[in-house]
There are 2 protein chains.
Amino acid sequence: MSMQSIIFEPIGIIHSLHKIKEGTPIQPSRLHRSPGEVELFPEFRAGLKDLEGFSKIFLVFYFHKMTDSLLEVTPYLDDQTRGIFATRAPSRPNPIGLSLVDLVSIESNILKVDGLDILDGTPLLDIKPFIPDIDHAEGISVGWLEGKTPHFKTHKADDRF
Amino acid sequence: MSMQSIIFEPIGIIHSLHKIKEGTPIQPSRLHRSPGEVELFPEFRAGLKDLEGFSKIFLVFYFHKMTDSLLEVTPYLDDQTRGIFATRAPSRPNPIGLSLVDLVSIESNILKVDGLDILDGTPLLDIKPFIPDIDHAEGISVGWLEGKTPHFKTHKADDRF
């Protein structure tokens with residue numbers, strides 16, 4: 001471990017219907033419902049106060065099944081290699097995942113959510129409220145993904161990562 | 001360090017005009033320009049391929065000045081305590097920051113960006129392209145922040161965190 005290492009600990013576990021990578025939605029799905037639960041460890045429960053008023057939350061998580069760190073990947077929806085930072089692929093130098101999901105309800109330390117594109121058993125690092133005024137922009141460009149993003153809704157993962 | 005610890009290493013450094021917390025925009029500013037540079041360490045440069053086509057990127061970073069982890073905070077724009085996960089405050093159990101910024105240009109391993117609400121010298125953990133189809137939703141609710149978010153544009157940080 002280097003001098004610069006940054007150490008985090010999971011604050012919970014994400015429970016989803018996706019037990020293996022293959023067939024998991026490649027992004028939060030809006031077409032096919034994909035419900036699940038976020039189990040926040042009980043000691044963090046006080047941090048959930050006031051969260052229920054938000055309809056969307058970001059889950060920040062650890063891609064715990066990832067073993068390779070690659071600087072170029074061939075993403076889903078594409079047949080060319082792209083720089084890892086121009087993709088949302090998991091094989092990143094720091095395998096941190098970010099997904100925007102629907103917050104359905106909160107009971108004690110359990111959040112019911114929908115639109116999960118996350119593997120069952122994934123360690124949770126953070127929860128952030130989605131705030132359109134700061135998390136969104138219009139009229140922007142999306143580079144190599146131009147014209148491809150509608151396929152997010154129906155495309156599923158394979159074994160490439 | 002527990003068995004569960006997750007270890008990351010910085011992949012770069014964020015250079016901004018904000019040398020101290022006080023006076024730093026509390027969120028990515030659209031009204032006041034706030035330019036800066038993201039210095040990606042040279043060994044990760046290949047990961048930037050194809051990123052320049054995206055107008056907006058998420059910076060995932062480490063709140064390196066944070067010493068306290070609090071489960072309830074009194075956020076900027078508010079006079080009541082809120083659960084930490086219902087805010088974007090830095091004093092989180094895992095102090096991971098997330099900001100959407102404008103990508104202006106890329107030269108070698110340096111990204112020129114704008115709209116920075118991040119302290120100078122902050123360690124960078126990840127860069128992700130902003131993809132409206134998966135990172136945005138409309139007609140949603142924002143809980144305690146309802147009606148307060150226009151003030152993000154003009155409000156600056158004080159010393160509360």
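A:R92 touches A:S69, A:I84 and B:D126, leaving aside residues up to four places away in sequence. Two residues count as in contact if their C-beta atoms, placed from the backbone, lie within 7 Å. A:R92 sits in the loop between β6 (82-83) and β7 (96-107) of chain A. Helices (H or I, at least four residues) and strands (E, at least two) are DSSP runs, numbered from the N terminus. A:R92 is buried, because 27 other C-beta atoms lie within 10 Å. The cut-offs: buried means 20 or more other C-beta atoms within 10 Å of a residue's own, exposed means 12 or fewer, and partly exposed lies in between, with C-beta atoms placed from the backbone. A:R92 and A:D158 are 66 residues apart in sequence and 18 Å apart in space, C-alpha to C-alpha.

This is a predicted model, in which local features need pLDDT of at least 70, side-chain atom pairs count only at pLDDT 80 or more, and totals for chains, interfaces and linings use all residues. Residues are numbered from 1 along each chain as its sequence is written, while chains are lettered from A and ligands numbered from 1 in the order in which they are written.

Next, the interface. Chain B puts 61 residues into the contact, and chain A puts in 61 residues. On the side of chain B that touches chain A, at least two residues each come from β1 (6-8), β4 (56-62), β6 (82-83), β7 (96-107), β9 (122-129) and α1 (132-135) of chain B. β9(B) gives the most to that side, with 6 residues. The residues of that side of chain B divide into 36 nonpolar, 13 polar and 12 charged. Here Ala, Val, Leu, Ile, Met, Phe, Trp, Tyr, Cys and Pro count as nonpolar, Asp, Glu, Lys and Arg as charged, and the others, Gly among them, as polar.

Now the strands. Two strands pair if DSSP finds at least two bridges between them.

| Strands | Bridges | Partners |
|---|---|---|
| β1(A), β1(B) | 3 bridges | A:I6 and B:F8 |
| β7(B), β8(B) | 5 bridges | B:S105 and B:K112 |
| β2(A), β9(A) | 3 bridges | A:G12 and A:L124 |

β7(B) and β8(B) form a hairpin with 2 residues between them. B:S108, in the turn, has a positive phi of about 55 degrees.

In chain A, a closed barrel of 6 strands runs β2-β3-β8-β7-β4-β9, with antiparallel pairing. Its twist averages 45 degrees from one strand to the next. Axes are lines fitted to C-alpha atoms, for helices over the stretch in contact, and angles run from 0 to 180 degrees between N-to-C directions.
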